[in-house]
Amino acid sequence: MSSTSGALRSKRSRTRRMGESAYGLLLLAKNTAVALIALLIVAAGVWASWGTAQHAMLTKGRERGTLTVRSCGDEWCTGSFTPIGHSGEPRAALRVDAAVADGGGDRLPVAVKPGTDQAVRTGTAGVLHAWVPLGGSLLLAAVVLAGGLRMRRTGWGMGIAGAALLIASFATL
């Protein structure tokens, strides 16, 4: 019995075993590269968002107040700044991203970026708008994970989270 089972089982050659090992190594390298690309995309989204989000979220100790929009251009809206309490001085000209304002006469809660004439919208709408780059990077990373790593459920989850962030930002502005 042992002689027949040994005859049915063939031994793989050394060349074939090395080929299978090399293929496994290439597969591991591909999966690692795709995972690093997805991680880099999400990290870039966090990095791009944090520059604005820190001012919108962490307002304690910053100049806070209300910006009354006078005029809007393609990228920036300008207006006068009225501080809340003793958090700063009134300013005649302060600018804010045009995407967060509806136009002239709009009154926005803002925080001033230290050392600049730029303001960042605060509150829920401002925080969601600040994290829009992260939402886009989550959508892109979802495609990379689902397509490159075959992690479809994780990809769907990241894609839904990114889309929800973008839709919430649009809805609150």
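Predicted model: local features only at pLDDT ≥ 70, side-chain atom pairs only at ≥ 80, totals over all residues.
Local features need pLDDT of at least 70 and side-chain atom pairs count only at pLDDT 80 or more, while totals for chains, interfaces and linings use all residues. Residues are numbered from 1 along each chain as its sequence is written, and side-chain values use heavy atoms, with hydrogens and water left out.

Helix α4 covers residues 132-148; helices (H or I, at least four residues) and strands (E, at least two) are DSSP runs, numbered from the N terminus. Its end C-alpha atoms are 24 Å apart, which agrees with the 24 Å that its 17 residues should span at 1.5 Å a residue, the expected span being 1.5 Å times one less than the number of residues. Buried residues of α4 include L134, L138, A141 and L145, where buried means under 20% relative accessible area, exposed over 50% and partly exposed in between (1.4 Å probe, protein chains only). An α-helix has 3.6 residues a turn, so residues three or four places apart point the same way. The buried residues of α4 pack against α2 (14-57) and α5 (152-172), with contact meaning heavy atoms within 4.5 Å. Just after α4, R150 has a positive phi of about 60°.

The model has two salt bridges, each a side-chain nitrogen of Lys or Arg within 4 Å of a carboxyl oxygen of Asp or Glu. One joins E63 and R91 at 2.6 Å, N to O. Here E63 lies in the loop between α2 and β1 (64-72) and R91 in strand β3 (residues 91-97), 28 residues apart. R91 counts as partly exposed because its relative accessibility is 25%.

R95 and D117 form a salt bridge at 3.7 Å, N to O. R95 is in strand β3 and D117 in the loop between β4 (107-112) and β5 (118-121), 22 residues apart. With a relative accessible area of 24%, R95 is partly exposed, and D117 counts as partly exposed at 40%.
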